[in-house]
Amino acid sequence: MSKPLKYVALLAYLVFLAFPLLWLLSTSFKTQREMANLHPRWIPHHPTLSNFTDAFSTQDLTGSALRSLVVALSVAVITVMLALPAAYALARHRSMLNRVAIGWVLVSQVFPVMLIVIPLFMILRKLDLVNTLPGLILVHVTFTLPFALWMLQGYVRGVPRELEEAAAVDGAGRVRTLVRVIAPLLTPGVIATLLFAFISSWNEFFFALVILKDPDKATLPLTLVKFTGAEQAARLGPLAAASVLATIPSLVFFAVIQRRLRSGLTAGAVKG
């Protein structure tokens with residue numbers, strides 16, 4: 001394929017990926033009359049901010065967004081803190097047991113959530129964690145940890161063992177070697193894992209619906225559902241405006257670390 005055709009294909013792919021976000025942004029500035037038009041426009045004929053003011057005035061978007069941010073950041077940090085030493089152990093001490101553990105990690109990702117939601121709810125109730133943000137954080141960490149572990153162990157395998165041997169000669173123990181020698185070299189992989197855990201938790205809806213019963217503790221995905229009426233008649237304008245606002249933290253988080261994320265994904269592909 002020639003270079004111009006590659007650029008055309010890349011541009012078409014980018015347009016395909018950006019279409020939902022652009023359409024959502026366009027809808028958020030449309031009036032109710034324009035949204036009901038049989039021939040919708042890309043650019044609103046009479047742009048309005050009423051959908052945003054309506055969204056904030058009818059639902060607690062700010063509070064639910066802050067709760068989602070606390071949960072997502074906590075999940076990202078805790079997941080990496082748990083996955084990093086475990087990934088090091090799996091990558092450096094290869095055995096049949098480790099292979100079985102990695103295989104089980106991958107198999108666990110295909111289990112239907114419905115199989116465990118009732119036992120999970122009962123466990124949380126015994127721990128008095130139902131209807132609490134710590135309970136939701138615990139569940140999110142549990143479900144993001146296996147894939148994060150699988151990601152990080154691929155990066156650890158790419159770090160030469162000679163560096164650890166040199167650190168051992170200098171008198172460094174296992175923990176010090178992991179913190180001072182291995183961890184800095186895994187920065188791209190750690191950042192990629194942080195982003196994965198953050199976005200997974202930020203967008204998660206089902207477990208939040210099951211665990212959080214108090215409206216004052218609802219996360220952002222639960223609040224967005226409230227823009228759908230009792231008869232499933234969605235208020236498209238405020239819903240689009242709230243959804244646009246809900247995408248901003250993920251986009252900002254990605255924009256801040258996109259350079260390191262790109263190098264991390266490339267390194268992981270080579271090292272895995």
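This is a predicted model: local features need pLDDT of at least 70, side-chain atom pairs count only at pLDDT 80 or more; totals for chains, interfaces and linings use all residues.

Trainee: How many aromatic pairs does a search of the whole structure find?
Mentor: The search finds seven aromatic pairs, where rings of Phe, Tyr and Trp (its six-membered ring) pair if their centres lie within 6.5 Å, planes under 30 degrees apart counting as stacked, over 60 as edge-to-face and the rest as tilted. One of them joins Phe-143 and Phe-207, whose centres are 4.7 Å apart with planes at 35°, so this pair is tilted. Residues are numbered from 1 along each chain as its sequence is written, and side-chain values use heavy atoms, with hydrogens and water left out.

Trainee: Buried or partly exposed, what is Phe-207?
Mentor: Phe-207 is buried, at a relative accessible area of 6%, whereas Phe-143 is partly exposed at 30%; buried means under 20% relative accessible area, exposed over 50% and partly exposed in between, with a 1.4 Å probe and protein chains only.

Trainee: Which residues do ring pairs link into a cluster?
Mentor: The cluster consists of Phe-143, Phe-206 and Phe-207.

Trainee: Switching topic, what lies over the face of Trp-23?
Mentor: Lys-30 does, at 4.5 Å from the ring centre, a charge sitting over a ring if NZ of Lys or CZ of Arg is within 6 Å of the ring centre and within 35 degrees of the ring normal.

Trainee: And what is the mean pLDDT of the chain?
Mentor: The mean is 81, with 91% of residues reaching 70 or more.

How values were computed:
pLDDT is the predictor's confidence in each residue, from 0 to 100.
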